[in-house]
Amino acid sequence: MTSDTSATDPAAPHGGGVLGSAWLAALLTAVVVGLAVFVGFNAYEALAPAQVATSVSTQITDDDARSELLVAAADLSQRVLTYHHDSFEKDLEDASARLTPEFVEEYGAAMERVRANTAKNEISQEATAVSSAIISATQDEGQVLVFINQETSSARTKAKQQVRNRLVVDLVRVDGEWTMAGVGALG
Amino acid sequence: MDLRRFNILLLILGLALGAALALLLVRGNEALPGETEAEQSAKQHLDVTRAAAAQVQAFLGVDHENVEEQAQVVLDGATGDFKQQYAEELDSLIRSAQAQQSTAEATVLEVGISDIDASVATVFVAADTVVTSKATDGTSRTVPWRIQLDMVKEDDRWLTSGLQFVG
């Protein structure tokens, strides 16, 4: 008979022992909620600097891939900025071969603007890339800072002009090869 | 679910959260998924870029009324030969800036990284300064710059060990 007493006693813990008590449930719920908030806050804080890196985490870091991009940027910059009055068409053709279809139109239009003067004054322009450095790069897109020296001379007037330029070159990979998608001079 | 089972579940959840919290407090973001080698490398690129931009900004900027303080910023971000050379020329730089009442407002236009590994980097920076001095009769003149920085990592900071103008 005494064995039924505890089952009907309202003061007795549910399910028996401290583990089944309502006050423990309340306490544990509060602790778990508090911990969850604290863990969430710390995870957010810890993740914050990683997110900064994630925005550029697709950057290429392999040395060979970086070198390939740097060489392409320097080479293509030289090609689009080098032309001679006696090989104008060929220079144009060579440079256009490694430009995106959108940029080749822009480049062609720019070269048309200098065509007449180049022929008239027998102008030659030589561009030499003195350094190139990656601003940002993924496997398929890159932006490269190129320092380039241009020397423009006229065989007719014997005039010479030297310009030290700073270019930002946009490249995209087309069929596995870096191709120039745009170029802009700084300043 | 009876109360006993519910409490056991809460206990397990509490222990798991406690362990996660301890891990986070001890190891920071390394304890979280996503900090890959590529992300560490990307963060390194970002650190180098920021340090180079800050150094060029400090190096090119001139305020004849505040030259010593500006020079200290350059020295704080410098090391090795560059630090020594800059320190040696500091008096002359200060006298010149004060005599000419020079100001140069520097703007970093682009920063690119040429070579980089865990402890050294070669960085190129394009910047402009807008300069006014007695020599310009108070009118401002924009000067373009092409700069190469050699950087080394010391005590988790990227410092400039060499600076040269690219001709």
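Biologist: In which element of chain A does A:Thr179 lie?

Modeller: A:Thr179 lies in strand S5 of chain A. Before going on, some ground rules. This is a predicted model, in which local features need pLDDT of at least 70 and side-chain atom pairs count only at pLDDT 80 or more, while totals for chains, interfaces and linings use all residues. Residues are numbered from 1 along each chain as its sequence is written, chains are lettered from A and ligands numbered from 1 in the order in which they are written, and side-chain values use heavy atoms, with hydrogens and water left out.

Helices and strands are DSSP runs, numbered from the N terminus (helices: H or I, at least four residues; strands: E, at least two).

Back to A:Thr179. This residue counts as buried because its relative accessible area is 7%. Buried means under 20%, exposed means over 50%, and partly exposed is in between, with a 1.4 Å probe and protein chains only. What does A:Thr179 touch, not counting residues up to four places away in sequence? Its partners are A:Leu76, A:Arg98, A:Leu99, A:Thr100, A:Asp170, A:Leu171, A:Val172 and A:Val174. Contact here means heavy atoms within 4.5 Å.

The side chains of A:Arg98 and A:Glu177 form a salt bridge, at 3.9 Å from N to O. A salt bridge is a side-chain nitrogen of Lys or Arg within 4 Å of a carboxyl oxygen of Asp or Glu. Side chains of opposite charge can pair when their charged atoms come close. This pair links distant parts of the chain: A:Glu177 sits in strand S5 (residues 177-185) and A:Arg98 in the loop between H4 and H5, 79 residues apart. A:Glu177 counts as partly exposed because its relative accessibility is 42%. A:Arg98, at 14%, counts as buried.

A second salt bridge in chain A joins A:Arg115 and A:Glu89, with the closest N and O atoms 2.3 Å apart. Again distant parts are linked: A:Arg115 is in helix H5 (residues 101-120), A:Glu89 is in helix H4 (residues 88-96), and they are 26 residues apart. Both ends are partly exposed, with 28% for A:Arg115 and 45% for A:Glu89.

Step back to the chain. Chain A has 5 helices and 5 strands. From the N terminus on, the order is α-α-α-β-α-α-β-β-β-β. Chain A has 187 residues, and 39% of them are buried. Take the contacts in chain A with a separation of 6 or more: residues 24 or more positions apart account for 55% of them.

Now look across to chain B. There, 46 residues of chain B are in contact with 48 residues of chain A. The area buried between the two chains is about 3600 Å², and carbon and sulfur atoms give 72% of that. Buried area is the accessible area (1.4 Å probe) that two parts lose on being put together, summed over both.

How many salt bridges does the rule find across this interface? It finds 1. The side chains of A:Arg166 and B:Asp128 meet in a salt bridge, at 2.9 Å from N to O. Helix H1 (3-27), helix H2 (37-60), strand S2 (103-116), strand S3 (120-132) and strand S4 (141-154) of chain B each supply at least two residues of the side that touches chain A. The largest share, 15 residues, comes from H1(B). By class, that side of chain B has 28 nonpolar, 10 polar and 8 charged residues.

Two terms need their rules. A polar contact is a pair of N or O atoms within 3.5 Å; within protein, one must be able to donate a hydrogen and the other to accept it, and residues adjacent in sequence count only if both atoms are side-chain atoms. For the classes, Ala, Val, Leu, Ile, Met, Phe, Trp, Tyr, Cys and Pro count as nonpolar, Asp, Glu, Lys and Arg as charged, and the others, Gly among them, as polar.

Last, a threonine in chain B. B:Thr139 lies in the loop between S3 and S4 of chain B. This residue counts as partly exposed because its relative accessibility is 48%. Its side chain reaches the backbone oxygen of B:Thr136 at 2.6 Å. Leaving aside neighbours within four places in sequence, B:Thr139 is in contact with B:Val131 and B:Thr132.
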